[in-house]
Amino acid sequence: MRVLVTGAAGFIGFRIAREAVREGHEVIAIDNLERGDPRKAELLSDIGCKFLRLDVRDLERIAASVGNVDAVIHCAALVSVEESFRRPLVYESVNVGGTVATLELAVRVGARKYIYLSSAAVYGDPVYLPIDESHPTRPKSPYGASKLAGEFFVTAYAKSYGVRTAILRLFNVYGPGQNPEYAGVITRFIEKVKMGRPPVIFGDGEQIRDFVHVADVAKAVLLSLEVNAHENPLVVNIASGRPVSILTLANLIVSLAGLKLKPQHAPPRPGDIRHSYADIERAQEVLGWTPTIGLEEGLRELLDLASHQ
């Protein structure tokens with residue numbers, strides 16, 4: 001396919017674009033590089049991607065520069081829950097406006113598929129666990145609200161224009177290449193441990209999370225390009241389905257690093273969800289996808305990379 005990947009110089013978008021090239025797709029990659037990594041843009045160009053420095057909201061420039069595509073994989077987004085409380089209008093503009101612009105592009109160019117990377121943040125505080133795709137959506141942060149608003153637009157375009165769409169609700173994605181400034185808890189913990197300092201936990205550490213490796217996420221996205229599900233949009237959770245507490249995670253990282261450190265605690269952060277982990281049965285059944293990288297394996301990889309930096 002000829003595939004457009006937005007946010008392609010970001011953590012997840014870069015991995016998806018790179019794997020798409022490896023699977024034989026022709027990839028057009030866009031990113032405005034405000035938060036994306038210019039080195040990733042260069043790497044994508046080196047492996048044959050057409051990289052364009054464009055803002056995801058600039059529909060006319062994208063349409064003029066990209067031409068026809070078979071599929072759009074929309075990864076571009078602002079992703080900090082904490083920042084979204086300080087800058088809700090910016091999150092609405094980028095996350096919602098960018099989604100509408102790329103949906104409109106998909107309609108204009110006759111794209112056969114549109115893949116939207118959403119977030120477990122749309123669920124808010126769980127009513128039950130594990131969380132399946134039928135769980136109520138009650139986001140508790142402007143970030144979560146912006147991702148859910150994007151889902152509504154994806155659904156509207158699927159119903160109104162017949163675009164085949166998939167909404168992938170990602171849980172806690174980790175792996176090599178996360179932006180340190182906006183990184184998840186795993187990257188922050190490893191940064192501390194690398195310096196011989198104890199990880200800092202916000203709250204008591206009994207929060208439950210579901211971590212999935214970015215390589216497994218990329219596989220799920222590319223599988224979703226190939227599937228013609230009955231539902232339109234197709235909505236699936238992408239996660240490990242294996243809950244782990246933040247305190248357990250911190251202690252595991254310290255142990256794998258061969259250190260003896262006791263995690264420190266800081267006040268809880270606004271918008272944090274207490275417990276969250278996924279039911280991934282639908283992704284397994286519909287996409288034929290199962291995560292392959294266990295948490296300990298993924299942590300060892302990151303610690304090894306950190307030791308060589």
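Predicted model: local features only at pLDDT ≥ 70, side-chain atom pairs only at ≥ 80, totals over all residues.
Student: Is Glu83 buried or exposed?

Tutor: Glu83 meets Arg87 in a salt bridge, and Arg87 is partly exposed, with a relative accessible area of 37%. The relative accessible area of Glu83 is 5%, and because a residue counts as buried under 20%, the word for Glu83 is buried.

Student: How many residues apart are Glu60 and Arg108?

Tutor: The side chains of Glu60 and Arg108 meet in a salt bridge, with 3.0 Å from N to O. This pair links distant parts of the chain, since Glu60 belongs to helix α3 (residues 59–66) and Arg108 to helix α5, and the separation is 48 residues.

Student: What is the angle between the planes of Tyr91 and Tyr143?

Tutor: There are three aromatic pairs in the structure, and Tyr91 and Tyr143 form an aromatic pair with 6.5 Å centre to centre. Tyr91 sits in helix α5 (residues 88–109) and Tyr143 in helix α6 (residues 142–161), so that the pair links parts of the chain that are 52 residues apart. Tyr91 is buried at a relative accessible area of 0%, and Tyr143 is buried at 9%. The pair is edge-to-face, and the angle between its planes is 90°.

Student: Which parts of the chain does the pair of Tyr123 and Phe171 tie together?

Tutor: Tyr123 and Phe171 form a tilted aromatic pair, with 6.2 Å centre to centre and 40° between the planes, and both residues are buried. They are 48 residues apart in sequence, so the pair ties together two loops, the one between β5 (113–119) and α6 and the one between β6 (164–170) and β7 (172–174).

Student: What is the handedness of the crossover from β5 through α6 to β6?

Tutor: Strands β5 and β6 run parallel and are joined by seven bridges, and within this pairing the bridge partner of Ile115 is Ala166 in β6. The chain passes from β5 through α6 to β6, and this β-α-β crossover is right-handed.

Student: Which residue in β11 stands opposite Ala166?

Tutor: Strand β6 is mostly covered, with six of its seven residues buried. Five bridges join β6 to strand β11 (residues 234–238), and these two strands run parallel. In β11, the residue opposite Ala166 is Leu234.

Student: Is Thr165 buried or exposed?

Tutor: Thr165 is found in strand β6. Leaving out residues up to four places away in sequence, Thr165 touches Tyr114, Val154, Ala158, Asn232, Pro233 and Leu234. Its relative accessibility is 5%, and Thr165 therefore counts as buried.

Student: Which strand is joined to β1 by five bridges?

Tutor: Four of the five residues of strand β1 (residues 2–6) are buried, so β1 is largely enclosed by the rest of the structure. On one side of the pairing list, β1 and strand β4 (residues 71–74) pair in the parallel sense over four bridges, with Thr6 opposite His74. Leu4 of the other pairing stands opposite Ile28, and the strand that runs parallel to β1 over five bridges is β2 (residues 26–30).

How values were computed: Residues numbered from 1 in each chain as written. Heavy atoms only, no water. Phe/Tyr/Trp six-rings, centres within 6.5 Å; stacked < 30°, edge-to-face > 60°. Buried < 20%, exposed > 50% of the residue type's maximum accessible area, 1.4 Å probe, protein only. Pairing = 2+ DSSP bridges. Right-handed = clockwise from strand over helix to strand, strands pointing away. Contact = heavy atoms within 4.5 Å. Salt bridge = Lys/Arg side-chain N within 4 Å of Asp/Glu carboxyl O.
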